[in-house]
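The following exercises concern the structure shown below. Please study it before reading the solutions.

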Amino acid sequence: MEGKQKDTFTEQNFERKPSIYSLQLNELEMWLKEQGEPKFRATQIFDWLYKKRVDHFAEMSNLPKGLREKLENHFIITTLKTIAKHSSQDGTLKFLFELHDGFSIETVLMRHDYGNSVCVTTQVGCRIGCTFCASTLGGLKRNLEAGEIVAQVLKVQKVLDETNERVSSIVVMGIGEPFDNYQSLLSFLKIVNDEKGLNIGARHITVSTSGIVPRIYDFANEGLQINFAISLHAPNTELRSRLMPINKAYDLEKLMDAVRYYIEKTGRRVTFEYGLFGGVNDQIEHAEELARLIKGLKCHVNLIPVNYVPERNYVRTPRKQIFEFERTLKKHGINVTIRREQGHDIEAACGQLRAKERKEEAR
Ligand code: SAH
């Protein structure tokens, strides 16, 4: 699939009509104005797209025919082709979707007792190069348009429509580094958050970054109420550089400065994700060092037992040791949870399914 499309990001994309899902309500209003159409049509169009969830402009029956034609001429309604759907014993559903240019992405639906959560992808591949992660194995192919991220949520919502359920939360923790596709990320967040759109509350949306420091400052200044998570994974800069090459560009000290700025500016608590990689960063002394690093910060630590990636060499931390790590942090007054694993039997972790698919194609 990917082999077909080595130079996708050239003219081909320019010729394509933009996805209507990439437009925020005010952007749609502006477009309507340019077309000499009344502003209120934007709300009607949003209603068709996000409440009635139609797939064709022709179905927007309360719009004049001329406007429907204009929409048709200017935009597409992104459809994602499902090429694989795996369901787990615990209800987790993992989708492999194909994009218009043949690239594939993953989206995961997780069912919790507090609702349905969707994990979205922001890029085809990733260029950050974390040494434990499957998403980065083939490098970055291209950024997703905002509408292609929105379409993932809608696609899952349409599945849930069959049982009258709704997507209640979103985690931007799929394939890709969201802060490496910042403008599309922001548009996406505003569109799904809009009460006239999918109306998913900011406090029910979480964005996770590997630590692109300048964007952390930008994100702090956006004035959003979105939950924010940082992939920390190490309590000191040497170890972090070994695990995450991005630490060589933005080291731990710079990262922590940015995080402190974020907390001060937004007043919001941040989450530190800390993957436990057997024998690497999972000793009690690491927990002690981590506690010292984040002491006094308004934060929460989410411990992630490593997801096994065949191409990577990391091994699991024994359960007993995971609990000991947790206890050590608690002893220092740190808020900590161990990530509940979902979809283990269907390779639901970060890029695993796509990586497998890519390998099969290469054969
Ligand atoms: N690029 C963003 C979004 C990914 S979120 C980021 O880095 O934050 C997914 C989380 O799972 C990140 O914390 C990531 O570091 C972590 N992760 C990736 N591969 C993993 C693996 N094999 N085991 C455990 N955690 C992993």
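This is a predicted model: local features need pLDDT of at least 70, side-chain atom pairs count only at pLDDT 80 or more; totals for chains, interfaces and linings use all residues.

**Exercise 1.** Determine in what order the strands form the open sheet, and which strands stand at its edges.

*Solution.* Begin with the order: ten strands build an open sheet arranged 1-2-3-4-7-8-9-10-11-12, with mixed pairing. Next, consider the edges: strand 1 (81-87) and strand 12 (336-338) each have a single partner strand, so one side of each lacks a neighbour in the sheet. From one strand to the next, the twist averages 20 degrees. Across from L96 stands E106 of strand 3.

**Exercise 2.** State how many residues of helix 5 are buried, and identify the elements against which they pack.

*Solution.* A residue counts as buried if 20 or more other C-beta atoms lie within 10 Å of its own. Twelve of the 16 residues in helix 5 are buried, among them A146, I149, V153 and Q157. These buried residues pack against strand 2 (93-98), strand 3 (104-112), strand 4 (115-119), strand 7 (167-172) and helix 6 (182-193). As to direction, helix 5 runs at about 150 degrees to strand 7.

**Exercise 3.** Describe which residues surround the ligand.

*Solution.* The shell holds 17 residues, the closest being C133, M173, S208, S210 and S231. Strand 8 (205-209) and strand 10 (270-276) are the elements that give two or more residues to this shell. Sorted by class, the shell has nine nonpolar, six polar and two charged residues.

Methods: Residues are numbered from 1 along each chain as its sequence is written. A residue is near a molecule or strand if its C-beta atom, placed from the backbone, lies within 6 Å of it. Helices (H or I, at least four residues) and strands (E, at least two) are DSSP runs, numbered from the N terminus. Ala, Val, Leu, Ile, Met, Phe, Trp, Tyr, Cys and Pro count as nonpolar, Asp, Glu, Lys and Arg as charged, and the others, Gly among them, as polar. Two residues are in contact if their C-beta atoms, placed from the backbone, lie within 7 Å. Two strands pair if DSSP finds at least two bridges between them. Axes are lines fitted to C-alpha atoms, for helices over the stretch in contact, and angles run from 0 to 180 degrees between N-to-C directions.
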